[in-house]
Structure formats: C-alpha cells, structure tokens
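Good morning, and thank you for making time for this presentation.

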Amino acid sequence: MSSLSSELQQVFKEHADKARPVRKAAVLGAGIMGGGITITSAAHGVPVLMKDIAEAQLELGMNEARRQVGRLVQKEKITPEQAEEVMASIDPTLEYLGFDQVDAVIEAVVENLDLKHRVLDELENVVRDEAIIATNTSSLRIDDIGQHMKHPERFVGMHFFNPVPVMPLVEIIQGTKTRDEAVSTAVTWALKMGKTPIVVQDCPGFLVNRILTAYTRAFLELVAEGVDFEHIDKSMEAFGWPMGPAYLEDVIGIDTGSHVSDVISAGYPDRMPHIENDAFRLMKSRDRLGQKNGKGFYDYTPDDSGRPQKHSSPEAHELIRTIQPNGRKELSVEEIQQRMMLAMITESVHCLEDRVVGSAEELDTALLMGVGFPRDKGGAIRYADSLGAKAVLAQCELYRHLGAQYEPTATIRKLAETDGSFYDEFPAGN
Ligand SMILES: NC(=O)c1ccc[n+]([C@@H]2O[C@H](COP(=O)([O-])OP(=O)(O)OC[C@H]3O[C@@H](n4cnc5c(N)ncnc54)[C@H](O)[C@@H]3O)[C@@H](O)[C@H]2O)c1
C-alpha cells in the first residue's frame, strides 16, 4: 500500500473514520473463494464462522486453510503457535449458530441469482441489524442480488480475486441503495485483511472485468478477422503483459471467461455487440476449456512438479480456422498492440466518465493488481497519458470504422483539444 499516493491513503483514512469495526465475521460457502476469504480474514486477526451446506466442502475448506497456514509458517510469516491460533479462530459449521454475533458476513455460494436471494433472506433473519452483508459475486449486479432484501442499505459487494490469499485487489461495490457506512466498513475490513480495496459503483462487470472484457473482445475480433492467436499472444507479451489474451483465457478457464464476457457484453450492447465468429464460444463447444482440462488455445501437460506446461496445439489452430471466413490475415505487432490497448483505454475512460470509479489512480491500481497490467506502463490511464490525448484521439480516428468500442469519448476529445492529462481530469480524493 505504501506505493499508493497520499491522496489514496487519505481516501482509506476517511473510510476508516466512517467504518464500524469488524471483530468477528462469517463466510457463507466453503468453496474456492469462501475458503480463501476465510483463511485471509482469520490470518489477519478476524475470527470467522465458515458455513456450508455440505460436510465434505467444509472439510475441503479446512484442509485448504491448513495448507495455506502451513505455507505462512514455511515462509516464516507466522510462528507455528500463531498458526494454531489462526486455525482455532475458524469455526466450520453447517448451522447459522453464532451468526447473531458477527459484524460482517460475506456470501460466496455458487453464482446463481435465486440461490443468492435465498441465502440473503436466511441471513437477514439471523444477523444483527448493524452487521454488513456482502457478496463475492463476479458477474451479477449488486442491485439485482439485493432486490428483495429488507435492509439493502447494509448490502455491499466485496469482489475478491482468485486465489484470494495471493491476489491483492478487492473491488468494493456500492449498489444504489448501499449506505456509505457499509462501504466504509467493507473497505476497512479488506484493508485489515492486507488487501487494497477499490470502491466502484454497481454496473455490469463492475470495473476490472468490464475493462478486461473490452480487451478480450478486441482479441476475439482480431481472431475472427484471421489473425493468428499465438501471434496476438506474443505481441501482447512483447508489450509487457505476463501472458497474452489466449493464454490468459486458458488460465481463467474458457467456460468461466466466456460466460463472464457474455454477461458483461450484454450490459453494453452498443459498444459490445454480439461477435459472430467467437473463438471462446467455439472452444467451449468443443470442450476445450483451457488448463483445467488440459486443452484450450494451447495444450497442457504437467511438468515434474505437476505445473501445467503449454504447447502449441495444431488441433486448436485447425479449429480456429473454421471461424476465419476470410482466411489468414497478417497484422503488425504494433497494430495488434494498438487495437488491444485502445479498446482497454476507451472502456477505462468510459468508466471514469460514468463515475464507476473515483479517480484515474484508483482505476489504474485496480488494473495493476487485478489483471496483471504491465507494471512499467502504470495502468491503462497512465499509459494513455504517456501517449498523450492527441495520440489517443488519432488512434481512435484510425480504428473507429471497426466499431463503437473505438469511438473517442467526450473526455478524449476534450483533452486532445486542450492538451490535458487524464490524471489531472480525474484526480484522487475529490
Ligand atoms: N472462482 C473464481 O475464480 C471466482 C472469482 C471471483 C468471484 N467468484 C464468485 O464467488 C462465488 C463462489 O464461487 P466459488 O468458485 O468459490 O464456488 P465453489 O463452487 O467453489 O463454492 C461454492 C460453495 O458454496 C456452497 N453452497 C452452496 N449452497 C450453499 C448454501 N445455501 N449455504 C452455504 N453454502 C452453500 C457449496 O457447497 C460450495 O462449497 C460465486 O459467486 C462466484 O461467482 C468466483
């Protein structure tokens, strides 16, 4: 957190002043995310009731917690005695017993709106009126999940990233009915868990996945035009990304990624219309789901330590050719990088104009921490400033015939005219 500006530190301080203390918490769902949130909270001194409906899941969750705590001991971050204390502060349960004692609860049950409505109804009957209720949804709107709640003002999104103990970012999502105090409590609890919380307003995809979707859609369009996906990966890796978009999608899981991308695209039909020859959809339909089943855009085989190693896949290339009606197209590395990055920049500027996030710095921080944006470029907006608004506008003019995602926004036009900077236009702490 020390790398954050004093303005952003001040934003966190103001939240801390408005927050209610979280001394004890509960997590609903002991799966991948619920287990990760539980261990992260417990390891930072907030005891957790971890509830699931399946005994086997609770056991899995506790085993995972033990493994994570073991790693902390191995890295000498905590002593074996502290590890014991952390484990003792996690209470696995199949009941709601003790939920009337918690200050905050976060639901991380499977991504199904009806189920989430049901568990929120149960929760509202067992927790105290002052407790905040959070959801870790990745693709549903906060307003939709909270629509039947008796007290939606205490309902807030806390979008953790996978794996929770490792990923530093948490998007704190404010629904239209969420009270500021609930947001501040979630921000302060996330800080206590050692995370960097960024407050965003409720919209399809929130902030990070919305911007990432604009980027992955630029990838899908390039592929549909005939560009080789491995060439795109290499171009984006040369730009500084830790992995190119095809490889990234394999790591996320093509079924998950394509679902999230479809849900978000539906929320912005003008800029993100249906893509006819969609490589994600094709891969999914052929059960090429990525690393999770050993084949996606690439093939994967485990190395000696069991880690998946990627190899070029002739089968995947052959499959992709079936959705390239005009055959292969050669594009320069520079054009690929420009189209991919410009799609990300314009969506980022839309997010700032829509006031989804408070400042350019918060947006960039979320991209650096949430999607591995190349560190030396400083984030989409910092990168746009390094190009200069005039150059961004010139690129928009060059590519706008490809679709509304490249239309220059009002701010891009204004700053190009005044030679202004995006960081000055959207400062932190205002
Ligand atoms: N997996 C990810 O990468 C990721 C990332 C960010 C957010 N999310 C979101 O987190 C949530 C959970 O995802 P996950 O990947 O951990 O799922 P998961 O399938 O690993 O775990 C879900 C758990 O919920 C439990 N459950 C189901 N009904 C329940 C109920 N009524 N009460 C208590 N527990 C119940 C299941 O038994 C299971 O243990 C989803 O909303 C998902 O969209 C997932």
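Is Glu362 buried or exposed? Glu362 is buried, at a relative accessible area of 8%, where buried means under 20%, exposed over 50% and partly exposed in between, for a 1.4 Å probe and protein chains only.

Before I continue, a word on the basis of these values. This is a predicted model, in which local features need pLDDT of at least 70 and side-chain atom pairs count only at pLDDT 80 or more, while totals for chains, interfaces and linings use all residues. Residues are numbered from 1 along each chain as its sequence is written, and side-chain values use heavy atoms, with hydrogens and water left out.

Glu362 belongs to helix α15; helices here are DSSP runs of H or I with at least four residues, strands are runs of E with at least two, and both are numbered from the N terminus. Helix α15 spans residues 360-370, and eleven of its eleven residues are buried. Among them are Glu361, Asp364 and Met369. Just after α15, Gly372 adopts a positive phi of about 70°.

After α9 comes Gly240, with a positive phi near 130°.

Let us turn to the cysteines. How many disulfides does the structure hold? The number is zero, a disulfide being a pair of cysteine sulfur atoms within 2.5 Å. For Cys203, the closest cysteine sulfur is that of Cys351, and at 6.1 Å this is too far for a bond. Cys203 is buried, with 8% relative accessibility, and Cys351 is buried as well, at 0%.

Next, the ligand. It is surrounded by 22 residues, the closest being Met33, Asp52, Gln57, Glu111 and Ser138; a residue is counted here if one of its heavy atoms lies within 4 Å. A polar side-chain atom of Glu111 is 2.5 Å from a ligand oxygen. For Asn136, a polar side-chain atom lies 3.0 Å from an oxygen atom of the ligand, and for Asn162, a side-chain N or O atom is 3.3 Å from a ligand oxygen.

His117 sits in helix α5, residues 113-126, and is buried at 16% relative accessible area. Its side chain makes a polar contact of 3.4 Å with the side chain of Gln147. A polar contact is a pair of N or O atoms within 3.5 Å; within protein, one must be able to donate a hydrogen and the other to accept it, and residues adjacent in sequence count only if both atoms are side-chain atoms.

Finally, the second largest pocket, with a volume of about 810 Å³. A pocket is an open set of points on a 1 Å grid over the protein atoms alone, where a 1.4 Å probe fits, with protein on both sides within 12 Å along at least five of seven lines; lining residues have an atom within 4 Å of a point. The volume is the space filled by probe spheres set on the points, which are joined across faces, edges and corners. Of the 30 lining residues, Ile39, Gln68, Val164, Pro165 and Val166 lie nearest the centre. Which element gives the most to this lining? The answer is α3, with nine residues.
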